[in-house]
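Please keep the sequence and the structure in view while reading.

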Amino acid sequence: MFRALSRARMILPVVAFCVAYAVLAMFVTNSYHQLTLTLVAVWAIFGLSWNLLSGMTGLISFGHAAFFGLGAYTVALLFVKLGLTPWAGIPVAAVLGGLAGLLIGLPTFRLRGHYFALAMLAYPLALLNVFLWLGHQEVSLPLIRERGWAYMQFTDQRVYILLAIGLLLATMIAMRVVERSRYGLALTAIKQNEAAAEAVGIDTRRLKLITITASGAVAGMIGGFHAVILLVVTPEAVFGMLISAQALTVAMFGGVGTVWGPVIGAVVLIPLGETLHAQFGAVLPGIQGVVFGVAIVAVILLAPEGVYWKVADLLRNRRGTRAATPAAAVTASAGTVALGEHAPARTPVGPGAPAILQAEGVSRAFGGVKAVQEVSFSVRQGEILGIIGPNGAGKTTLFNLLNGFVRPDAGRVLLDGRDVTGLPPNRLCRLGVGRTFQVVRPFARMSVADNVMSGAQAADSIDEARALARAAMERVGLGGLIDERAGTLSNLDLRLMELARALAGGPRLLLLDETFAGLGGPEVEKLLGVIRGIAAEGVTVVIIEHTLHAMVRLVDRFVVLDHGAVLAEGLPEEVTANPAVIEAYLGSKWSARAGD
Ligand SMILES: Nc1ncnc2c1ncn2[C@@H]1O[C@H](COP(=O)(O)OP(=O)(O)OP(=O)(O)O)[C@@H](O)[C@H]1O
């Protein structure tokens, strides 16, 4: 019942918008305006396809025209050469668009960030020239006089508007479902931090390939429909820079990462561009390009995340929702004090405990730099092990070797005695290895619970993921902040949120990377209590940290690295008294203080 209600709440506004749009469009009689109304829906769908890949995963594509153009040419050529009706041609265009997405994604996902964005530029440019070489400078769809509807040709232009709105409705509902699904959750995690997404068990490469395939299919479909309404396809008009820019512009203007963004962008920008083109196109050719350029600059200046988010913020502030005030942070910290103070008691784990994780002669070099050299040690079940050492000693590289981000040049990593060397992080996560990262990158607009949920990849349903996230938040003392926006959190609470996210995956072994970084004295105390509590529940903890005064009170044992090799290993009191460790890392000040 509750689920049905929440589904209805998710879909009703979309249906209401499309119905209202269709009803209003039925009163428009001018054929140019009818075309504009059809194009609004077309570009909104194209923007949504871009949004699925780029808005939801953060992988910016400058080359979406590749899929659009392929779709347009597929429908046109199948019609002209084989007499295939667009009713069948458009689904074929969607399949080819999806296939193109997969083929483009396979090599291009090797690149990241700006390099990915720039590489995507190459595909429509290459296709543009391929279609020129093939002699398809201009493909016109023949007009069918008899039974035109069988070839998607209608004398009443309003039918095209209705078809376009139907496609828009289907695409928007599909995107809404994706947004609220476990798949959407995983995409959000990738956008947040791809490495962290891998660490919580997401097979990021597979998911990105699925996403670019789906995005390419939507773009191919709408490219095919565009060919039907304009009746002529040229390489420049479907593969040109302006087409790729159009997807990006409507989404950026309206709001990236939300279903409504591309729709708002298309509703505002397409009629504006078309009207200006009709008025001034003869004297100012390419005026639409100028409109898009100005729109982007205006958005950057006035609403950098797009109109949707700007309006959402204004409404939220007006409603007086708890804003980003220190008050929220105080509430959270108060919660963690309690957990720290009442942390369950635990007894340090002694040498007799079985090993959960073992590194055997693990080495890794980057060019000439031997980051980790023949490191061997074991982590005992239930213990808290600290890894310390000077900057550049190889601590993070060792973590990356332990949870599969980096493959060792030599040596083995064993989990429960089983060789897991070279397994990717998402597989290791499923075997019970969780990890946090030095830099926390939360989704500021999303609730704390939604941020934590991205770690619950083991869940079978979104409801179970939500329940796991809540339980993890309770464990770290963030239970009172479930609906709080992550952007309002204090530094400590962000660290706790990151911890909760790792815990939501149900790890048996947790690797914590500089969890105390940037925290003040009282915050460190609270976090110490939380980590002790997690360990007392039976989770084995390995922690890299520079805050040594906290570490000596937290860990059962230290492994000290220097120049990539193990310098010392032992109990805190042994290691901190070791002259070699004092010389290489702690310094004489530490020994003087320790002697006080
Ligand atoms: N991907 C990489 N490419 C090249 N060199 C690297 C790479 N990763 C690490 N290194 C080098 O390996 C050495 C160990 O780095 P690492 O980050 O593991 O040390 P660390 O002990 O974690 O340092 P810090 O305490 O400053 O975080 C450093 O000299 C570093 O420059």
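Ile 531 counts as buried because it has 24 C-beta neighbours inside 10 Å; a residue is buried with 20 or more other C-beta atoms within 10 Å of its own, exposed with 12 or fewer, and partly exposed in between, the C-beta atoms being placed from the backbone. The structure is a predicted model, in which local features need pLDDT of at least 70, side-chain atom pairs count only at pLDDT 80 or more, and totals for chains, interfaces and linings use all residues. Residue numbers start from 1 along each chain as its sequence is written.

**Surroundings of Ile 531**

- Helix H21, spanning residues 521–536, contains Ile 531; helices (H or I, at least four residues) and strands (E, at least two) are DSSP runs numbered from the N terminus.
- Leaving aside residues up to four places away in sequence, Ile 531 touches Val 541 and Leu 554, a contact being two C-beta atoms, placed from the backbone, within 7 Å.
- Leu 496 is 35 residues from Ile 531 along the chain, and their C-alpha atoms are separated by 9.7 Å.

**Ligand shell**

- The residues surrounding the ligand include Phe 366, Val 369, Asn 391, Lys 395, Thr 396 and Thr 397; a residue is near a molecule if its C-beta atom, placed from the backbone, lies within 6 Å of it.
- Strand E4 (369–380) and helix H16 (395–402) each supply at least two residues of this shell, and H16 gives the most, with 3 residues.
- The shell comprises 4 nonpolar, 6 polar and 1 charged residues, where Ala, Val, Leu, Ile, Met, Phe, Trp, Tyr, Cys and Pro count as nonpolar, Asp, Glu, Lys and Arg as charged, and the others, Gly among them, as polar.

**Domains**

- The protein is assigned domain 1 (2–240) and domain 2 (333–432 + 507–595), with bounds from an automatic or database domain assignment.
- The domain centres, taken over C-alpha atoms, are separated by 48 Å.
- Between the two domains, 7 residues of domain 1 are in contact with 7 residues of domain 2.
- The side of domain 1 that touches domain 2 has 4 nonpolar, 1 polar and 2 charged residues.

**Whole protein and confidence**

- The protein has 24 helices and 12 strands, and 46% of its 596 residues count as buried.
- The average pLDDT, the predictor's confidence in each residue from 0 to 100, is 88 for the protein, and 93% of the residues score at least 70.
- Residues 322–342 have a pLDDT below 50, and this stretch has 43 contacts in the model beyond near neighbours in sequence.
- For the complex, the predictor gives an ipTM of 0.95 and a pTM of 0.80.
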